[in-house]
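Okay, hi everyone. Let me put the structure up, and then I'll walk you through a few bits of it.

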Amino acid sequence: MGDFFTNLDRRWIFLGMGIVVALPMLLGLSFPEEPSDMVRDVFAAVDTLPEGSNILMAYDYDPATKGELEPMAAAFTRHCAKKKHKLYFITLWPAAVPMLRQNIDILESEFGDDYTYGENYVNLGFRPGNEGVIKVVVTDLKELYGNDVNGQDLQKIPMTRNLKNIQQMDLIVNVSAGTPGAKEWVQYAASKYEIKMVAGVTGVGAPALYPYVPAQLTGLLGAIKAAAEYEQTLIDAYPEFAENPATNEALRRMGPQLIAHIYIVALIILGNCIYFTDKRRGAAR
Amino acid sequence: MKRTVPLCIAALVGFVLILSEFIPFAQSWGRTAMIWFDILAAFAFVLGGANLLKIHLLKISSQRVGWGYSVITVAAFTITMVIGLGKFGVTPSESFPQFTWSGDYLQDGSGFWWMYQYVYLPLASTMFALLAFYIASAAFRAFRAKNTEAIILLVTAFIVLLGRTYAGIWLTADPLAWLGQTLYGDPQALAMFRLDVVVEMIMGVFNMAGNRAIMIGIALGIVALSLKVLLGVDRSYLGSEE
Amino acid sequence: MNRNQNVTLIVVIVAGVFLAIRAATGEFGKVYTRTETVEFTPEVQEQVGDSVKPWTIEKPVDRAEIRDAQGQLRADVHLNIQRTLGLWLAALGTLCILSFLIGDNVFYKLAEAVVVGASAAYAMIVGFWTGIVQNLFGKLMPGVMRETVLPGIPESNTAEYVYIIPLIFSVMMLWRLAPVGGWISRWPLAFFIGATAGIRLVEYLDADFVQQIAATIIPLIVVAADGSIDYAASLKNSLIVVSVLSCLVYFFFSFEHRGVMGVTARVGIWVLMITFGAGFGMTVMGRIALISDRFNFLFYEWLWLPKPG
Amino acid sequence: MTRSTSHPQSSRLAVLAVLLLTGSGPLAAAPPRPPSQVTVTDLPNDDGTGLVVRWNVSPDDKPDAQPRVVGQYDVERKDAADKNAEFELIGEANFGETSLEDKKCERGIAYLYRVIAVGLDKSKSEAAMAAKPVTGVLQWIDGTRLWFGLIGVVVCGAVVSFIRIAQSGRELKIRKIAGLEAVDEAVGRATEMGRSCLFVPGILDINDMQTVSGITVLSHVAGLAAEYDAQLEVPTSRSLVMTTARETVQAAYLKAGRPDAYNEDNVYYLTDEQFGYVAAVTGTMVRDEPAACFYMGAFFAESLILAETGNSIGAIQVAGTAMPSQLPFFVAACDYTLIGEEFFAASAYLSGEVHQLGSLKGQDVGKLIGGGLIVIGCLLATLASLSAEDGGLSGAVSYLKDHILGDGGLLP
């Protein structure tokens, strides 16, 4: 039993995996997306807010998960910017500081006319303390955030002058790769103070957050698929985004994704067939 | 001193924080405790770094197997630290041009940014990308439908894997519409069996329910554990020596 | 020569040939930037004076905008050596890590050693500038900080001496590294553990226990507005309630799984298996997205292959 | 504004009037009319630092007005006792909103508030003043949290009581855990085949609950191995875990009466690095081909690499972890898996430690309460949904959901 498995060099399987991802990518294989109800709910949460609402952009992800979450974060940023919301960027992950910058670059390069630093968006940056940070900023932001990333006093920035705490937010948009992240934002802020919140999370983290939807968490985007659907919804609602190739980053990745999923399913089925054939042969002997 | 004081500190701060949830007057105490907590958390990063340095320096000095790699680790650590502390390549903040040190430590184009962008980011993200390859090989060699439970698990996984891509729609949408049309005269009659719809059902009903039960269990576990820590029943965090 | 060496050799040759072809067919692996002068907007103009000269920063230029229609490098664009070196380092590092797939090797171990050191130092520096400098030093000695790294601190802020307590705790915590008296680090540790236990006890009980029960209280038979029974919603609600309860029974340790309890626990384990199946699928999906991202980097940022579509 | 401009001779005035009447947008220089009825009340259930300001919207603030006249409301306050105090802005509310919570008051100070409607062009209306100054009131107990506090006391009380009962020496029964039989069987089969057992205690340090539980299971496995005279290998990824594991295994061998069979070198430390560790462990697995592999502790992404290798050498694999993201892989690849709490329960069962057993029982009480509330709640909700009229049933359901399980306070 199992001879075949021990004998087959698994580097062949690795090579296969590399090919099924690389080829569709190089060939530009892509598929249409039909947004699910959950994605529509998340989209509506951002879209139905009146222009100029306060949104906390809590982006908690790092290089290890950027492949999954970067397109999602960018889609959220573009959508909020399109709706001219006031954006407060914040993170609980040290490695996410450059990720905030990346999203602010989107604001500056694509929405520069509508977005002035300090009036329409502010970068609060990172503070150590994990859920301890949420616990404080939800009642008193300036105890921990005396200044923004440029060292500017929050009291002197127009949009933060009268900001006492994040209960004043109309929505929390969280992109989360793990702990601390969406779960902690729900527990310590959204659920407790009844602040509306949507989250975009990794495939690994998504299933465990479903129990919070919809009472404690308005909606949830799980993995690259949901990001692609969100991008599609965004392009359908605002066709001008179709001209910007950066807007369909996740859509582009669904090509390799589909082929790779089929590859994995095929491997499991094939593996089981060989295993059970071997086993039967072993039993017959 | 060595055990009683820590037990008292833990109990005091823990109960103050619990009380601050029910007694408005204690709210500000709870907030102060959390602010101190956050400052300690910053020092935890320093402790983490220093610990790593200590372990690798010990490894180098005792010339244990693989000490050469420890030299690399120490070098990478030191270079990153010096560049970050010294704010190399950081220009002053635009609001305070007269203060040379006022710029953001992670400014685009600075030395620390360079270390992040070209060293930390590609290495860390590729490290995790390796997992996709391992999943492929495990798919072939490890995941066996050997009993009812495993069969349910794998079938659900297949449905999710296919239903969460266009394959789900492509495989089931048209056939089901045709079947619905033929059997009931309504192409939408069987739409609920479309893979993408089934996946939403699995995620929103069974997955949600299963995770909710797990969540309730974990919550009770955390409550019990926290209580034991605060009451001093569980002292494992104090270590076993002495 | 063993099999490992053969595989390595083949991979290296294929990669080398590919790189050579790529190099022969056009440029790649470079970073171009544009130099921009910073227009600073000082908060207090008088303090700045003439001694402060404007400085420049480098802005990356999109690949499509490097050259004009004639294929000539635009006048304001130039090759950025530092970032080009960085790009190559990043690409090599990526390949070093990927080489682990062929087998454990020196290059992988080198890259791993680098990432361990760099990531620890990175977190430490970020914690230092944000937590320690801004939230501790900024409160304890606002004057000194105002003159050096944090000029934004308002003049009205004075030293808050209560912050000496967390400072003492922090020193105690770092004392753990000292050869003697390491036990003192248990005090701040106890503070940390106690605070975590305190907030978790309340929030988990609220959000993950009470709120979850509240969310599960739903009618098993849903009556629509017109008085008819909504069968789909009723089925969904019933499935949710039965699933949650049966899983709870599975995780109930006071009774043996016999009779009704046994059957219910059996249903519970099936629901859990569906849950895990969903988790399995979603995890696989997530992992694959990570390779797409790395290939994206190698193909388009480094090798400058043409982007389809 | 009246139609007083109907003087035929003044055409310029007429044009102006038309502009004023039709163009209420940017052309209209007139500021919006002020809001009315500004009232200030204490914010309930706080520490006396919060007040709620309410007002009626300005007559110019109409939801369908295009373009909008009122952009926002500025809420200002001053210390009523201080003669020289000026009004200062404390918050802004969007158009259409009628209240604002000011949580930045000082306890004991009476504040006077006013609300100003601000046009889109930043023009300000006259200020609408509150009738009288108001002081925040400190509440000693947060009334909205009473039911929640009660639930907390019951759950915590159950845990403490069961720990006390266990300490008093009464035996607490825990159901048989099927996974433990699988452990016994696996060790037995390894002995039959004359091959070794491998035990991996996770990759976290000894301060993690799961590692501790893993070590408890290790003690059991070591006892069996000593009894059957099977060889047991324990590679660890933390030096402290190695130390603890050595003590545990040695004690188990001693208890089984086979101290001579204990070999310290079989419990060893490899490396802290996740992938380095897993590479070394799988190397050992391929070389030694253990017949039984146990993975008990906290695992991350390495779980599937371990399970895959174990499968390829045909070993019996038993896993136990509370890592939700790794459970699917263990369940799919191993012969038996202790899932989450089951793993902790197994550890409590094996160790017999009073506080582990006691809290397990206490948690069971919590689950019983939760399950009971769900059953009662769902029955009530179903009956309420079937009985058409709004009677006592729906009242009971909403009391259960909004008061007992919500923040509605004690009184309905």
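So, which domains does the domain assignment give for chain D? Domain 1 covers 1-26, domain 2 covers 31-135, domain 3 is made of 144-170 + 356-404, and domain 4 is 178-352; these bounds come from an automatic or database domain assignment. Quick housekeeping: this is a predicted model, where local features need pLDDT of at least 70, side-chain atom pairs count only at pLDDT 80 or more, and totals for chains, interfaces and linings use all residues. Residues are numbered from 1 along each chain as its sequence is written, while chains are lettered from A and ligands numbered from 1 in the order in which they are written.

Back to chain D: the C-alpha centres of domain 2 of chain D and domain 3 of chain D are 42 Å apart.

Next, chains C and B. Here 110 residues of chain C are in contact with 109 residues of chain B, contact being C-beta atoms, placed from the backbone, within 7 Å. On the chain C side, H4(C) gives the largest share, 23 residues. Helices here are DSSP runs of H or I, at least four residues, numbered from the N terminus.

Now the insides. The largest nonpolar core has 357 residues, and D:Val221 is among those touching the most other members. A core like that is a set of buried Ala, Val, Leu, Ile, Met, Phe, Trp, Tyr and Cys residues joined through C-beta atoms within 7 Å; buried means 20 or more other C-beta atoms within 10 Å. Among the residues D:Val221 touches are D:Phe199 and D:Phe294. Apart from that core lies another, of 20 residues, including D:Trp55.

Technical notes:
Two residues are in contact if their C-beta atoms, placed from the backbone, lie within 7 Å. Helices (H or I, at least four residues) and strands (E, at least two) are DSSP runs, numbered from the N terminus. A residue is buried if 20 or more other C-beta atoms lie within 10 Å of its own, exposed if 12 or fewer, and partly exposed in between; C-beta atoms are placed from the backbone. Lists of a residue's contacts leave out its neighbours within four places in sequence.
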